Amino acid sequence: MTTAPMRIVIAAALGLLMVCGVQAPVRAQSSRMFVAPKLSSNNGAEIYQHICQGCHMPDALGAQGAGKYPALANNTDLKSSTFMALTILGGRSNMPAFGAKHGAGAMFFSPPALSYEQIAGVINYVRTHFGNHYADPITAAQVEALDKAP
């Protein structure tokens with residue numbers, strides 16, 4: 001039978017092994033522990049699948065649980081591509097910012113910063129899918145202008 005002091009020693013040793021085994025390689029890779037890799041695609045569907053559907057779900061119906069993730073399907077708020085661009089660039093409520101200027105890629109855990117082309121691509125995809133029928137596309141230049149506005 002293990003005594004209480006021996007249990008403490010074993011627990012401390014296991015804790016030390018876990019810390020040394022997990023943190024050392026991470027520190028060697030990056031000063032920011034959990035930074036998502038940057039996407040190379042400008043395809044809105046791919047960006048949605050890799051980033052957005054984790055919270056908004058594959059069917060864009062949103063979710064509730066540890067947080068509230070609004071439905072993007074049949075969403076009249078998406079009528080405004082400007083609203084979507086500003087939300088993606090700077091974040092909103094519990095949604096992180098994906099614009100480089102607004103802190104994406106700079107926190108302990110942060111999503112990848114998206115380019116203006118990628119933001120325009122995902123906006124145009126969501127606004128024309130999931131029961132949304134907003135056919136007026138936003139351009140990367142328009143997203144950039146919104147990002148650089150005072």
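**First stop: a histidine and its neighbours**

Select His-56 and Pro-70: a polar atom of the His-56 side chain sits 2.8 Å from the backbone oxygen of Pro-70. Keep in mind as you click around that this is a predicted model.

Now colour helix α2, residues 44-56, and you'll find His-56 in it. Is His-56 buried or exposed? It's buried, because its relative accessible area is 11%, and the cut-off for buried is under 20%. To see what it touches, leave out residues up to four places away in sequence and show Tyr-48, Leu-61, Gly-62, Tyr-69, Pro-70 and Leu-72.

**Next stop: the salt bridges**

How many salt bridges does the count come to? Two. Opposite charges on side chains can pair up when the charged atoms get close.

Pick Arg-127 and Asp-136 to begin with: their side chains form a salt bridge, 3.0 Å from N to O. Arg-127 is buried, at 0% relative accessible area, whereas Asp-136 is partly exposed, at 45%.

Then jump to helix α5, residues 140-148, and select Glu-144 and Lys-148. Their side chains meet in a salt bridge too, 2.7 Å from N to O. Because these residues are four apart in the helix, about one helical turn separates Glu-144 from Lys-148.

Note on methods: Residues are numbered from 1 along each chain as its sequence is written. This is a predicted model: local features need pLDDT of at least 70, side-chain atom pairs count only at pLDDT 80 or more; totals for chains, interfaces and linings use all residues. Side-chain values use heavy atoms; hydrogens and water are left out. Helices (H or I, at least four residues) and strands (E, at least two) are DSSP runs, numbered from the N terminus. Buried means under 20% relative accessible area, exposed over 50%, partly exposed in between (1.4 Å probe, protein chains only). A polar contact is a pair of N or O atoms within 3.5 Å; within protein, one must be able to donate a hydrogen and the other to accept it, and residues adjacent in sequence count only if both atoms are side-chain atoms. Contact means heavy atoms within 4.5 Å. A salt bridge is a side-chain nitrogen of Lys or Arg within 4 Å of a carboxyl oxygen of Asp or Glu.
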